[in-house]
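Me: I would like to learn how to read a fold from its computed features. Can we work through one example together?

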Amino acid sequence: MALGFFSRLKAGLSRSTQKLSGGLSAVFTRRKLDDQALEELEDLLISADLGPSVAEKVIDSFRRSKFGKEVTDEEVRQALAEEIANILQPVAIPFEPDPKLRPHVVLVVGVNGTGKTTTIGKMARFYGEQGKKVMMVAGDTFRAAAVEQLQVWGERTGAPVIAGKPNADAAGLAFEALKRATAEGADLLLVDTAGRLHNKSALMEELAKIIRVMRKFDETAPHSVLLVLDATTGQNAVEQVRVFKELVNVTGLVVTKLDGSARGGIVVALADAFGLPVHLVGVGEQADDLRPFSAEAFAKGLVGDSIKVIERDDMPAEGQAEAADAPPSGAEHPQQPG
């Protein structure tokens, strides 16, 4: 039987878990939580990509509550999961299209290779299955692979894809798509964008133009700006958030590729550093592998505890969602992933 989503989340975090859990076992084998132990724990947390700020907060909490006490690795693991969950809980906010906005316009940004285009396709499927009318815009007009990939997702989900000629003006395309989505009563308009971060000024100009032109039709658009991050990039994801916050008003994050990386701790570092909502996480290549972020499930999965969650009404139970076929060849991994 195929693994359920939360089982795959746990499996996806396995390398992070092994690194962190193995280190905890090495540091804590029924020993007192003294200064040396806390220093070793701090080094372990930083090496697991939780970052120095998170490590300092955890150590300060441990110093207040457990200093001088004899502890086991399991006790530390449980306390650590609670500390991480406390950091993540404020940002674990599901993305909900505003029913008062038709369409709710979502600008999806991120560097090339993070999985923007795939994320848009999976979002179209996820919200389409909830009965929402979704439209997509192939706004990365300079990469034929991104356009073709989104068109494949359109065929699979039944969501219309608005695309232009190669190298077409992305802002004009977004404007026409917004007009059409409004006329047809769409609930959600997902706009793909380019991600050429090596040319920051050109990217800033293009994103600003898309927003400026869409606002000629709807002065409130875009209503959400989602930044897609690849978890495998580790601390580089922090810099990407900083850059895109300068370029556009990022309203939330989507974290992809939590499917075997040893860098899962970066999600905690991002939550602590920026406080931006983490709406969705991706743990694999299947169409159903993008789901709302759960702070408790992630924290327990990261430190190696068992995952116990209450299923949301809009989530299939484990083992039911996996009946969907994997994306057709080329849909998930074009030569230049979006």
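Me: In S6, which residue is the bridge partner of His104?
Reply: Leu188 in S6 is the bridge partner of His104. A word on the source: this is a predicted model, where local features need pLDDT of at least 70, side-chain atom pairs count only at pLDDT 80 or more, and totals for chains, interfaces and linings use all residues. Residues are numbered from 1 along each chain as its sequence is written, and side-chain values use heavy atoms, with hydrogens and water left out.

Me: In what sense do strand S3 and S6 pair, and over how many bridges?
Reply: Two strands pair if DSSP finds at least two bridges between them. Strands (E, at least two residues) and helices (H or I, at least four) are DSSP runs, numbered from the N terminus. Strand S3 (residues 104-109) pairs with S6 in the parallel sense, over four bridges. Strand S4 (residues 134-137) also pairs with S6 in the parallel sense over four bridges. There, Met135 stands opposite Leu189.

Me: Which way do the residues of strand S6 point?
Reply: In a regular strand the side chains alternate between the two faces of the sheet. In S6 (residues 188-191), Leu188 and Leu190 point one way, Leu189 and Val191 the other.

Me: Which residues touch the most other members of the largest nonpolar core?
Reply: In soluble globular proteins, nonpolar side chains tend to be buried together. A nonpolar core is a set of buried Ala, Val, Leu, Ile, Met, Phe, Trp, Tyr and Cys residues joined through side-chain atoms within 4.5 Å. Here the largest has 78 residues, and Phe62, Ile84, Leu88, Leu189, Phe244, Leu253 and Val268 touch the most other members. Helix H5 (residues 73-88) gives the most to this core, with eight residues. Apart from it lies another core of 23 residues, including Leu150, Trp153 and Leu188.

Me: At what angle do helix H8 and helix H9 pack?
Reply: Axes are lines fitted to C-alpha atoms, for helices over the stretch in contact, and angles run from 0 to 180 degrees between N-to-C directions. H8 (residues 170-183) and H9 (residues 200-214) pack at about 30°, with axes 8 Å apart. H8 and H9 are therefore roughly parallel (under 35 degrees; over 145 is roughly antiparallel, 65 to 115 roughly perpendicular, the rest oblique).

Me: Which residues in H8 and H9 meet?
Reply: Contact means heavy atoms within 4.5 Å. Ala170, Ala171, Ala174, Phe175 and Leu178 in H8 meet Glu206, Lys209, Ile210, Val213 and Met214 in H9.

Note on methods: Buried means under 20% relative accessible area, exposed over 50%, partly exposed in between (1.4 Å probe, protein chains only).
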